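Thanks for coming. I have one structure to go through today, so let me put it on the screen.

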Amino acid sequence: MSRQINRLKGGLVDHGQNLNFTFDGKSYQGLAGDTLASALLANGVRLMGRSFKYHRPRGVLTAGSEEPNALVELRQGGRQEPNTRATVAELYEGLEAQSQNRWPSLQRDVMAVNDLFSNFLTAGFYYKTFMWPKAFWEKLYEPIIRRAAGLGSVSGEDDPDVYDKGFLHCDLLVIGAGPAGLSAALTAGRAGARVILADEDFALGGRLNSESFAISDMAGSAWAAQTVAELTSMDNVRLLPRTTVVGAFDHGIYGAVERIADHKPQPGTAEPRQIFWRIYSKRAVLCAGATERPIAFPNNDRPGIMMAGAVRSYANRWAATPHERVAVFTNNDDGHRTATDLMAKGVQVAAVIDTRADAPAIDGTECFAGAQVIDSKGRLGLETVTIRTAQGFTSDIICGALALSGGWNPNVHLTCHQRGRPQWSEALAAFVPGEPLPIGLSVAGAAAGALSTHGAMETGAARAVEALADLGIQATPGDLPQAEDAPVNLQPFWYVKDGKGRAWIDQQNDVTVKDVKLAHQENFVSVEHLKRYTTLGMATDQGKTSNMGGLAVMAEMTGKSIPETGTTIFRPPYTPVAMGTLAGRAVGKQFHPTRKTPSHKWATEQGAVFTEVGDWLRAQWYPQKGETHWRQSVDREVLATRNSVGVCDVTTLGKIDVQGADAAEFLNKIYSNGFAKLPVGKVRYGLMLREDGIAYDDGTAARFAEDHFVVTTTTANAVLVYRQMEFARQCLWPDLDVQLISTTEAWAQYAVAGPNSRKLLQKIVDAEFDISNDAFPFMACGEITVCGGCRARLFRISFSGELAYEIAVPTRYGDALIRALMEAGEEFDATPYGTEALGVMRIEKGHATGNEINGTTTALNLGLGRMVSKKKDCIGNTLSERDGLNEPDALRLVGLKPVNATQPVTAGGHLMNKDGPVDAAHDQGYVTSAAYSPNLGSSIGLGFLKNGADRIGEVIRLVNPLEGSETEVEVVSAHFVDPEGERLRA
Amino acid sequence: MQYSGFRIIKEALTGHKGWRPAWRDPEPKSEYDIVVVGGGGHGLATAYYLAKEFGEARIAVLEKGWIGGGNVGRNTTIIRSNYLLDGNEPFYEFSLKLWEGLEQDFNFNAMVSQRGILNLVHTDAQRDAARRRGNAMILNGSDAELLDTEGVRALYPFLNFNNARFPIKGGLLHRRGGTVRHDAVAWGYARGADMRGVDIIQNCEVTGFRIENGRVLGVETSRGYIGAKKVGVAVAGSSSRVMEKAGMRLPIESHVLQAFVSEGLKPLIDGVITYGAGHFYCSQSDKGGLVFGGDIDMYNTYAQRGNLPVIEDVVEGGVSLIPALGRVRLLRAWGGVMDMSMDGSPFIDRTGIDGLYFNGGWCYGGFKATPASGWCFAHLLSTDRPHEVATAYRLDRFRTGHMIDEKGMGAQPNLH
Amino acid sequence: MIINHPLLGPRDAQEFTYLGDAAMIDRPDWQAENAAEAFHDYLYLRDNPAGEHRELWFHEQGDRSWLVVTRNTLTHEITNVELARDVARAQGRGR
Amino acid sequence: MHKLKAITALGASDLKVSTIGDMTLTEVTDRALASLSMRLGQDAEFAKRAKDILGIELPLPGVAEVGSPYSAFWIGPDSWMIDASYTSHQTLAADLKSAMQDTTSVVEQTDGWCRFDVTGASACDLFERLCNVDIRTMQAQTATRCAIHHIGCYLWCIEAGTRFAVLGPRSSAGSLYHAMEEAAQSIAAR
């Protein structure tokens, strides 16, 4: 167990509560309130990772979510999480972390050999080689590159945690709980507005928790705590700590990730790991603060070289220092602040190296004005830095850490999510939010370039007042407490020009100043070309610490100003989001809702095998004892139906109730065939076209009254057909008196098919209803009662080609009805059949379904050309007359029978002439559906064949090169069974 | 300058002083034989093949921003030849064959990687459709294999086989499909064209066409008038806006397709997987990021950004198919504006105006088509005749009823 | 996105299904001389403007109203929402 | 009374009730539903007859009007859902039709929907995780369409903040209930 040798006094950690954790298997202790990074630093650990390309040893650079270097694999197994930033990973008892992208160990990584060849691995080198011999790219080079690339790894096991989603609504969303966010929330909260205050940190307060200066008479962190307490007491304010607002979307909708259980070993029972909130805000204020930027100099990437503000955070908030001896390299006053705070904490400050010639002196350590750091040494951690003084002398300074400050970049990210472009501020030498901002969003505090504490509080309150005024809510900014209001005192300085060795700009992706210069040399000068060619800013930090540096170097190369050179715009998410969170509960079995038919319970008892039909679960077949292959069950169901009677749940067919004085005229326009003259008490088959003349859907319409029809659609198209009918009703013929409503769910409907179907139904249909062939002929429909008074609808329609009916009762009785039918049917060996047998019988009968009505076929193709009336206006009939849809050799639906009855007909096979070449140029059509017909004793199929109607009797080839089969088939009528339709009229 | 490993070594040892611009930034001349409008993948490829294969000279490519900044720079890098219809498959097979020799052809490593594309099937009907497609592919000279569940499991054991709402019943595997480093395609064509004398002119927006007596004479641009004997427009994403300047209405709507990349990971997904029961497809880049996407946002837009419903829909599909992704972080989302055509298929055709040619309507299939699109457009521009694999891509096909509707969705662009 | 439904107030666009250009309301006369040409232009040709766009949305998971939404295709800003039925009548559609 | 025995939308013979944390989820089956859609141009006569038979004003969009024996909520332009006690289900649609005559299209809806009521102090937290409705400002006796777990539902606020009814398509009852149950457990786990 190592000691916390770099642990300081004070801070916001609990010195009384030790937490045990391991890093690369070694045990350490940290304190409650630590992050993994602060705990490792306190334990004297500076080396935390390896870079992407050169595998350079790396330590922590920052103290926040912008961290590019200190990435670890957290947890084990299905919970293993690659690329976790140690800087935001809250320490918990038993935390296990592994370093990544190294082998065999972090200290000794053989891939570090890349560093020796870095001169050959410059920006984009891979675009210029690995091309010979051709085959070697995929066989040799690429596999090596892929193995070397990537960062952390996932286990490949299922993630065991659950995630929630939710929806929040508010008047004002405040993004970030630093001084600006807190005063914005306070102002709005006191005014009674509905406020949501979200911050990615687990401790609200932002920089107030990291800086040493006071607000009025108390410590900044104390003021933050006091303000949070007041906000917590307000019912109209909702605080969301550990919540990152990751994206700004249209019309005031924001995405936010709340981490519920990431600070625990694992979530509690039924507890979600994270929640993805969609926040609907009337107004929002972005108070996301700013990100400090480094200064590039040769070998500026050694563990121990960190941002100055981060060093302050670790010292003041986490009571940890990267080393007992620290130097500072700065171009502005912030570096001095770090030196002062460190000394106050008893940390030795070796020197302050300030690029400004007029840099102020500082008590307690030497300040080298006009000096630069030109090199550093130390293999796995910083040992010395080499500086060049204003006078040009160079000397080495011994230090284990170097605090860098190149100024601050406002966090404008969310202002760019709707393609807004930041504007350049000369005063700050940084980009500030630019127009157009997302509608309803304003920006305050450091994010808006107000970098002082006072400025943050002032602008935060002001933006809140303005936003609420828009909403008609009167708010007044309270008196602002006394707070630091130092001006920005900075002299832009991006990188040390002369000096040997590489100077890193993007540390994770190993992009150096040289790489940017090479990109310029090769004319990749536009910012987007620069990024894509060098991968600058493409790492997990999305360039938060590197984009500006790259831009500055490129600006110098092109001799343009930075704003002329370009801006980089940021895309969502602000920080990377676990995909589990975005998926929420809609995963696994819950990916889609499951729709169950009224007979589901009964079918389950029968041991039915179910299949997915859209979101529906339907019985596919009902295996019986002794049946070892599904074909046995299906053949039995088909034969039993054709020979006696079978029952099938057809509830899934769409049912649309159509009423109104103009209902018939409306259907006339929807269907290609006529409905005006359909008598009451009759059903008619109808074909719907799309406006482009292609067949859309088919079904039946039953007329229950002059002004009342019930339309059925296919299962797959129920929603689409209803939508199209509403479009026709509201947008095309708004003055037709017709009302539509879907009743698919309200009725349980069963097909009762087979020669004994009438006998069976007569046993349950109440006596007063005569369903004899004369009283209730083919295509009749009526409202009846069954089983002693239960309201039902009866349709005499047939999909199987047999004497058949469809009977419907209110859904809650569907279970009872199937049981009643089976009981009444015992004497006829009534057999339930599933979708497979249904399919076999419709193929035997030549009925088209989705396989044939596939969105590219016409009524002509389907052999239903006669159903397209030319005498009336209906959707699709005009464009159905285009030449391309009426060519002489157009595809026609035909039946297909193997010449050798033992051979299969394969759906998806293509049709070729009996002789001649087999290729696309000679393609004659394709097989849409196939099945084994127990009635014909062979496999049969339906298919589309060029000019098929005139080729009945011809023998052609069914080719299936995909599976290496070829079958001779005879072209036959699609009506394999009872072509005259005598059975269904029986 | 020829790129090679030796060249890299030589440059490394001499301070990389010898690398020259990948392409020049010339001033526009007053006139060219052929002006290609649009410095995206298709435009650059067109110029490249015009110069290399059709012996054309005096060619310019006009780009309003920076080259490769359109969809060639913002796609999911997939190449494939797995189309169903005769109007399409020969074209995409031609394209795939060009991909297979592209890097040696233009001396730029675009990392063409035929890792295989697997389209999963989840129902018997989907399997029948996959069989019809696979056969069409083979009959057109492409490759396809039909896998059963076990065949899929052998390739990708981490897919959801045990707890799936829509079980995996197999898949159609297209081994020659794969991925390409998308930006490199634009740069490779640009460099190759530039070496053959093509003027690539960035930051040069076409503001109008000069048309007299039904013939195009040149283009007005933000950098002045440029005369041209022939003008080829390849500006997918802006097609309607540009062709409107020539007085044309197109059978095209603009929609946004979002795409996503995860943080870098050690190798997990070797090839390309497309989910047959949800809107999700995924591959892994050589750099380690999972590159994935799904459906378009559904509404007309010219904004290169999308909204949450589609982001969530895509990720729901992804985690449902690959439960291990729950722990993977989505790093970046972006959007590209698509020319969504009325039947989901593209156009490479003359227009009603002599000398003005149009290439567009690629929906979200444009990237994989880049080489063939460039070649066929070059063929049309140079010979005034359509290339044999692109004869179906006519602008008047809706008038005559010869739609090429792979998905069978009809005249609603956002459904293709 | 949020669509301000004329009857229901602000609703998330996710509740709606998108069809496209509101010109789909102007279905040609099937008996006109140039019916074939008119239907071709009606169904297949689009203005596809970069800017203000009048378009049809169906409140599928809502009240089943078809709406005509005026939305900017560059900024997504919505400036007007009407019931499609009213628009259709105003444009002379009837029976 | 006929011989067919009803089962619940969840496929059982008795009602599902579960108490999770401070929330109670109850399956409700003792209501009958029918939709009224006004015929074209019948406004005056329609309103008059509706008032007479229902004894309540037909509510505005988003509003539910509670009365006895009939309650109603708005479901679309010129369309309302009428809610009555289940004892009337055999005749509800017919009774309404005979009263409304040709002013109205009436459709029986009783079995098109399953209904789950939620009561409890955390009800708002629950719906915050389920649907995009500003649940904390939802007034008593208002109703709105919403999507829960991709399922289109009606959400009816009976007592602001503490009592709600969810009407969902009957075939998806299992998925809907599962989603509500999981969310409730997640809330209770806090």
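Let me begin with a question: which residues does A:Gln924 touch, not counting residues up to four places away in sequence? This is a predicted model, and in it the list reads A:Leu891, A:Leu911, A:Met912, A:Asn913, A:Phe944, A:Leu945, A:Lys946 and A:Arg951. A:Gln924 sits in a loop of chain A, the one that runs between β47, residues 910-912, and β48, residues 925-933. Buried or exposed? A:Gln924 counts as buried, because its relative accessibility is 13% and the cut-off for buried is under 20%.

Now to another position in chain A. A:Thr534 is 390 residues from A:Gln924 along the chain, and the two C-alpha atoms are 52 Å apart. A:Thr534 belongs to helix α10, which covers residues 527-534. With a relative accessibility of 5%, A:Thr534 is buried too.

Next, chain C. Chain C has two helices and six strands, and along the sequence they come in the order β-β-β-α-β-β-β-α. Its C-alpha trace spans about 45 × 30 × 20 Å along the principal axes. Of the 95 residues in chain C, 60% are buried. If we take the contacts in chain C between residues at least 6 apart in sequence, 48% of them join residues at least 24 apart.

For the charges, chain C carries 10 positive and 16 negative ones, and their mean positions are 8 Å apart.

Last, the interface. Together the two chains bury about 3100 Å², with 53% of it on carbon and sulfur atoms. Three residues, C:Arg27, C:Trp30 and C:Arg95, supply 24% of the area that chain C buries against chain A, more than any other three residues.

That is what I have. I will take questions now.

Notes
Residues are numbered from 1 along each chain as its sequence is written. Chains are lettered from A and ligands numbered from 1 in the order in which they are written. This is a predicted model: local features need pLDDT of at least 70, side-chain atom pairs count only at pLDDT 80 or more; totals for chains, interfaces and linings use all residues. Side-chain values use heavy atoms; hydrogens and water are left out. Helices (H or I, at least four residues) and strands (E, at least two) are DSSP runs, numbered from the N terminus. Buried means under 20% relative accessible area, exposed over 50%, partly exposed in between (1.4 Å probe, protein chains only). Contact means heavy atoms within 4.5 Å. Lys and Arg count as positive and Asp and Glu as negative; His and the chain ends are not counted. The place of a charge is taken as NZ of Lys, CZ of Arg, CG of Asp or CD of Glu. Buried area is the accessible area (1.4 Å probe) that two parts lose on being put together, summed over both.
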